[in-house]
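Q: Could you walk me through a helix and some salt bridges here, with the cut-offs spelled out as we go?

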Amino acid sequence: MAKTDDLILFAQVVECGSFSKVAELNSLTNSVVSKRIARLEEDLGVQLLYRTTRKLTVSEAGKVLYQGAKNVKQAAIEAVDAVSGYGEKVSGHVKMSVPTISGDLLLADAVAEFCTLHPGMTVDMSLNNRFVDLVEDGYDLVIRTGYLEDSSLIARHILDSQWVICAAPSYIGRLGRPMEPEDLVNHNCLQYAYQTTGAAEWQFIGEQGNYILHVKGNFSTDNATALRKAALGGYGIAYVPRCLVYHDLLEGKLIDLFPDKVGKKLGIYAVYPYTRQPSQKIKLLIEHIRNRYLSMSQFF
């Protein structure tokens, strides 16, 4: 019967493509790794690897075994990870990037609270709406609003962010209230130059599905706070995530013009690089952030 340890070691050799790297990884000598793989081949009665001085090639039998050995290795990692939160404190450093609105609204507080709950943790949190490159820029975790295309990342959906179209009572008093979305072409539409979505393309729910209206206006910005201030000042009509203006709508400082007709709804995701199993600290941090979003879901 092949030993579980040897199967895990074999999976590592296939993944690293080198005995010496695996020896280093496990604090073993090259000859011990070599002997253990030879023992595995002897137990199974098949050759798993072809070795030359330059490289390792996996045999057909080796490829079949690797699929199972990989699962054994993964199960072992997950079993250890599952209890790692029980026996020891969660510690370490996390570099993360979050969108500006969510950062201001709830993430700054939630993440600082997480660090207080876990005294061994430090977090470096960057606030921007740029789609950062997780691997290239060394981020452990990113909270993203929008569409996800990169398959080398794992994303956990948290909730959806509904957008609204709003204006101050002073603007409506001066220039009238648009009754239908089509009326917006005659109004000053303040634009949020946000990520990859077109600032002048406003999306609506129609009977035959969603449709786009092209609007015009004299002011655009990539800063949500600046846009909110321009709308509050009565300078135009804004198309923004509801969470940005939630309190303004409740207090009547801004009027929601088309409550049931705005088609834009973007997912908010926790995204991390493709390591099969995220570390305990990342899992706990995502769960903490998710709970904070869900506790404030009425904002979104």
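Q: How many residues does helix α3 have, and what span does it reach?
A: Helix α3, residues 30-44, has 15 residues and reaches 21 Å from its first C-alpha to its last, close to the 21 Å expected at 1.5 Å a residue, where the expected span is 1.5 Å times one less than the number of residues. Helices here are DSSP runs of H or I with at least four residues, strands are runs of E with at least two, and both are numbered from the N terminus.

Q: And what am I looking at, in terms of provenance?
A: This is a predicted model, in which local features need pLDDT of at least 70 and side-chain atom pairs count only at pLDDT 80 or more, while totals for chains, interfaces and linings use all residues. Residues are numbered from 1 along each chain as its sequence is written, and side-chain values use heavy atoms, with hydrogens and water left out.

Q: Which residues of α3 are buried?
A: They are Val33, Arg36, Ile37, Leu40 and Glu41, with buried meaning under 20% relative accessible area, exposed over 50% and partly exposed in between, for a 1.4 Å probe and protein chains only.

Q: What comes just after α3?
A: Glycine 45 follows there, with a positive phi of about 70°.

Q: Switching topic, how many salt bridges are there?
A: The count is eleven, taking a salt bridge as a side-chain nitrogen of Lys or Arg within 4 Å of a carboxyl oxygen of Asp or Glu.

Q: Which residue does glutamate 41 pair with?
A: Glutamate 41 meets arginine 51 in a salt bridge, at 3.0 Å from N to O. That pair links distant parts of the chain, ten residues apart, with arginine 51 in strand β1 (residues 49-51) and glutamate 41 in helix α3.

Q: Buried or exposed, those two?
A: Arginine 51 counts as partly exposed at 37% relative accessibility, whereas glutamate 41 counts as buried at 12%.

Q: What about aspartate 109?
A: The side chain of aspartate 109 forms a salt bridge with that of arginine 292, at 2.7 Å from N to O. Aspartate 109 lies in helix α5 (residues 100-117) and arginine 292 in helix α10 (residues 280-295), 183 residues apart.
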